[in-house]
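Good morning, and thank you for joining. Please look at the structure on the screen; I shall speak about its salt bridges and then about one of its helices.

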Amino acid sequence: MRESQLDPPGLAATLYCRAMNAPLVPARLAFDAGGTPYSEAYRDVYHSAAGGLGQARHVFLGGNGLPARWAGRERFVVLETGFGLGLNFLATWQAWRDDPQACTRLHFVSVEAHPFSLQDLAVLHAPYAERAPLLAALSAELRAAWPLLVPGFHRLEFERGQVVLTLAFADIGDAARELRMAADAIYLDGFAPANNAAMWSRETLRAIARAAAPGATAATWSTSAAVRGALEAAGFAVEKRAGYAGKREMTCARYAEQGNRGSPVAPSLALTRPQTRAAAPQRRALVIGAGLAGGAVCERLAARGWDITLLERRAAPALETSGNHAGVFHPLISPDDNLYSRLTRAAFTWWLGHSRLLEEAGCAPEWARCGVLQLARDEDQSIAQHAAIAGLGYPPEYARWLDREQASGVAGVAVAAGGVWFPEAGWARPASLVNALLAKCRGRLDARFNCEVAALERRDDAWIARDALGAEIARAPVLVLANAAEAPVLVPQRHLTLRRVRGQASYLPGERFAKLRTVLLRGGYVIPAVAGLCVAGASFDLDDQDPEPRAASHAGNLARLERIVPGSSAGLDPERLEGRVGFRAVARDRLPAIGALADESALAKPLPLGAMSRIAGTYAATGYGSRGILWAGLGAELLASILEDEPLPMEGALADAVDPARFALRALRRRG
């Protein structure tokens with residue numbers, strides 16, 4: 001069997017496809033006659049002429065009872081519509097830093113259809129930074145973490161993970177339906193209703209209400225009767241308060257408790273200190289598997305204060321597939337921008353940001369953003385690549401199309417075709433990444449090697465791992481299966497099936513490719529010399545369990561290499577090459593399985609994924625196939641967010657697409 005016998009990634013992904021894939025149009029830098037930042041597209045200013053920071057503090061923080069409401073909380077979540085210059089976020093961040101009673105972890109989720117470029121943000125922040133040194137430092141941190149301007153969700157971390165900014169670069173109507181969160185405070189800060197009606201529509205505000213926690217508050221500078229009516233229709237009790245500067249009034253609201261949702265009369269809106277939200281009980285987990293998936297899960301849980309016992313059957317981490325000499329990380333482009341491409345793009349941008357945090361923590365992996373060229377396999381794909389780049393409107397720092405001559409100039413060698421150039425992509429050594437992730441866990445990780453789990457038992461609200469003799473190895477309330485294709489074996493899942501796909505890479509002498517400057521892809525790949533070796537590959541062999549490298553697979557890799565760089569395989573003897581075999585875990589739809597496992601015994605009829613029964617305390621992070629370097633990081637962030645009941649780091653459609661329960665749901669639907 002070959003790769004073509006699996007479902008093509010676009011097929012499964014397109015079934016879920018929604019409107020989050022519209023091309024992103026950045027904002028244009030402009031000012032009105034008085035020097036206030038101005039949107040030519042919406043014919044409105046970004047903030048009050050009296051001052052953006054003053055408006056942020058009076059309308060949005062003050063209107064939501066902040067900072068008093070987050071005092072003593074474990075976590076507080078803010079949702080904003082319209083990031084703009086980022087002043088509301090910066091003002092909230094500064095208030096959090098200045099408050100000794102502030103919540104432990106502040107989440108700020110903001111939707112922005114037209115984000116500014118990094119260069120324009122620097123211009124816009126300069127006047128505020130000159131007057132406020134602390135704000136200057138915070139705005140500089142924000143710009144240092146500013147993501148590539150591509151559609152989707154982008155998660156940024158500050159203050160060692162205690163302040164988390166999730167940016168949704170999308171139209172508010174589309175993004176609001178994709179939010180998976182419970183907001184404590186809502187900043188309604190779009191352009192004027194007359195100029196941006198979709199932002200204030202009843203449909204949009206209903207979607208925002210679905211993302212609100214019971215008792216959530218909202219505030220806006222607008223006092224439009226239509227806005228107040230839409231808020232009331234969405235379940236908010238509304239009142240007017242004194243406005244900012246020359247504006248006489250503003251609107252404040254409180255979301256009704258579950259039982260009162262939508263009632264025309266609500267209790268007084270006087271803001272009272274809420275009950276302290278309890279921390280997640282027993283932050284302890286068993287993680288099985290010390291490869292990329294397990295290492296990433298450990299790091300993301302440890303960052304949230306969890307204690308983790310990591311169980312690995314081999315003598316050290318990353319000795320199975322994650323032990324490959326080097327691997328490639330890069331996004332994908334498809335003309336329809338399906339969920340497979342969107343998941344990979346989200347994981348790619350997350351990895352770029354998170355690698356910076358690893359480096360700052362002194363846990364840098366071995367990697368290089370040398371760029372990746374994905375060469376077209378034929379003329380038809382060349383035309384499709386070119387059209388996709390033009391139609392999706394990506395910035396050149398993310399992806400651009402190069403003809404053959406341009407591609408050869410970038411690569412440093414004569415390549416066989418033109419293709420897509422990903423300048424921020426590159427290679428990484430997987431084992432170094434695993435070690436970096438585990439090192440960042442510091443005192444919260446108990447890693448046990450040569451420790452194979454033969455059986456798992458659920459007893460007294462805990463999972464117990466046992467060895468082949470039945471002796472207890474470790475126990476914890478939460479179990480995370482990060483052990484590739486063995487995951488649904490240890491905790492049987494009838495519908496979640498993972499195939500072990502044999503992949504053999506070939507090691508080539510580095511001096512032979514001394515001029516190669518970038519990773520090249522075309523049905524296979526070749527990586528520039530890493531520690532003296534180039535890596536070419538890789539085979540994709542279904543139902544083949546041979547763990548030893550073999551000449552036939554080397555010959556296939558050399559044939560792929562020849563299609564990438566003609567003439568480069570001359571004189572290389574597949575019988576004499578060295579290499580390595582790894583086994584990838586691949587689901588039928590080629591998407592990973594991340595989240596809580598379905599309790600298949602309790603499923604009788606199709607239900608929404610969020611309503612399906614799950615096995616208590618049981619989660620998976622597996623099925624990463626050949627994309628473990630990319631998917632493992634964002635997958636671990638998703639899993640940790642689920643466990644902590646935090647805003648998800650990706651759009652809801654993506655989270656649903658990787659939910660392990662999706663296979664059981666499909667089976668129930670087929671059954672009728």
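Let me begin with a definition: a salt bridge here is a side-chain nitrogen of Lys or Arg within 4 Å of a carboxyl oxygen of Asp or Glu. The model is predicted, so local features need pLDDT of at least 70 and side-chain atom pairs count only at pLDDT 80 or more, while totals for chains, interfaces and linings use all residues. Residues are numbered from 1 along each chain as its sequence is written, and side-chain values use heavy atoms, with hydrogens and water left out.

Searching the whole structure gives 41 salt bridges.

Buried means under 20% relative accessible area, exposed over 50%, and partly exposed in between, with a 1.4 Å probe and protein chains only.

The next pair is E646 and R304, whose closest N and O atoms are 3.0 Å apart. E646 sits in the loop between α16 and α17 (652-658), and R304 in the loop between α9 (292-302) and β12 (307-311), so parts that are 342 residues apart in sequence are tied together. E646 counts as buried because its relative accessibility is 4%; R304, at 8%, also counts as buried.

How are these residues linked? E637, R155, E646 and R304 belong to a network of salt bridges that also includes R105, E157, E299, R300 and K440.

E452 lies in the loop between β19 (445-448) and β20 (455-459), and R313 in the loop between β12 and β13 (327-329), so the pair ties together parts that are 139 residues apart in sequence. E452 is partly exposed, with a relative accessible area of 49%, and R313 is partly exposed at 35%.

Finally, I turn to a helix. Helix α15 (residues 551-564) has 14 residues and reaches 20 Å from its first C-alpha to its last, close to the 20 Å expected at 1.5 Å a residue; the expected span is 1.5 Å times one less than the number of residues. Which residues of α15 are buried? They are S553, H554, N557, L558, R560, L561 and I564. Viewed down the axis of α15, these buried residues fall within an arc of 160°, so they line one face of the helix. The arc is that of the directions from the helix axis to the C-beta atoms.

Methods. Helices (H or I, at least four residues) and strands (E, at least two) are DSSP runs, numbered from the N terminus.
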